[in-house]
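Let's take a walk through this structure, with an eye on its rings. Have a look at it first.

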Amino acid sequence: MNIFDQMLSRYLVKTNDDYINAQHEVMQQITLAGLYRGGFFDNAAFYGGTCLRIFYGLQRFSEDIDFSLVQSDVDFKLENYFEPVITEFKALGRDVVISKKEKKNQTNIESAFLKDDSVQYNLKFRTDRNIKIKIEVDINPPPGFSTEYKLSLLPFSFMTRCFNLPGLYAGKMHALLFRNWKNRLKGRDWYDFEWYVRNNTPLDFNHLCHRTNQSGSYSTGEFTQGNFLTLLKEKISKTNIEMVKADVRPFIRKPEEMDIWSVEYFTQLADMICFE
């Protein structure tokens, strides 16, 4: 069994969703390995739901991989790291193509950090382009976050620089409050919110404030913890929880975990948030 198949064999695959989720996650891990070989994590950190899934034990799958530069660099080019990523896949018997995703307009980015100054790429297998992952890099990050290095053992032993949990939590709450998905809901945001509260993760409110100020998401005075909680509860009260469940269902193994989900449930979760 080659290393790619060894990595894939760790997943319980019973449905087509299981297969797609497993393929995505193996691709994500190989991409991280290639970026590590290229020295990417000297200048950037991993964040978002996939980071939470791979390194912190979140029990849901995630489609995309999101990164943030540690310091702003408007001239940054992810293309400089394509070769080690492609080489890493080739070493495991897979050919991939990475293409830049052009923005249709400068206000149409729907990412966890609502960034217009980010760059997006798609990575696909040459032989199966239905299996792909989106890669996004925030080239102008807000200040105030902390990082740590997390170990992976496959496809070889390497370290990935990641946002710490309080910083990841801040990014998720910013997304949950201010993400503009037009006519759909990102149920995965709500699943992650529940995970952070259940695990008693402290919210890095200072970083959340930096992110909110940079994006201009809140313009009615000082963004305090009280204002944050009021805004969150208003958001909860207006949310269609059944649509939230429908979005997250393909990415989790036990959908019955969501049976308790309701406006009242998430309102009580909001009261349990602890701040760093």
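How many aromatic pairs does a search of the whole structure find? It finds 30, where rings of Phe, Tyr and Trp (its six-membered ring) pair if their centres lie within 6.5 Å, and planes under 30 degrees apart count as stacked, over 60 as edge-to-face and the rest as tilted. Keep in mind that this is a predicted model: local features need pLDDT of at least 70, side-chain atom pairs count only at pLDDT 80 or more, and totals for chains, interfaces and linings use all residues. Residues are numbered from 1 along each chain as its sequence is written, and side-chain values use heavy atoms, leaving out hydrogens and water.

Start with Tyr36 and Phe158. Their ring centres are 5.6 Å apart and their planes sit at 40 degrees, so this pair is tilted. Tyr36 belongs to helix H2 (residues 16-37) and Phe158 to strand S7 (residues 158-163), so the pair ties together parts 122 residues apart in sequence; helices (H or I, at least four residues) and strands (E, at least two) are DSSP runs, numbered from the N terminus. Phe158 is buried, at 2% relative accessible area, while Tyr36 is partly exposed at 36%. Buried means under 20% relative accessible area, exposed over 50%, and partly exposed in between (1.4 Å probe, protein chains only).

Now find Phe223 and Phe228, an edge-to-face pair with 6.3 Å between centres and 75 degrees between planes. Phe223 is buried at 7%, and Phe228 is buried too, at 0%.
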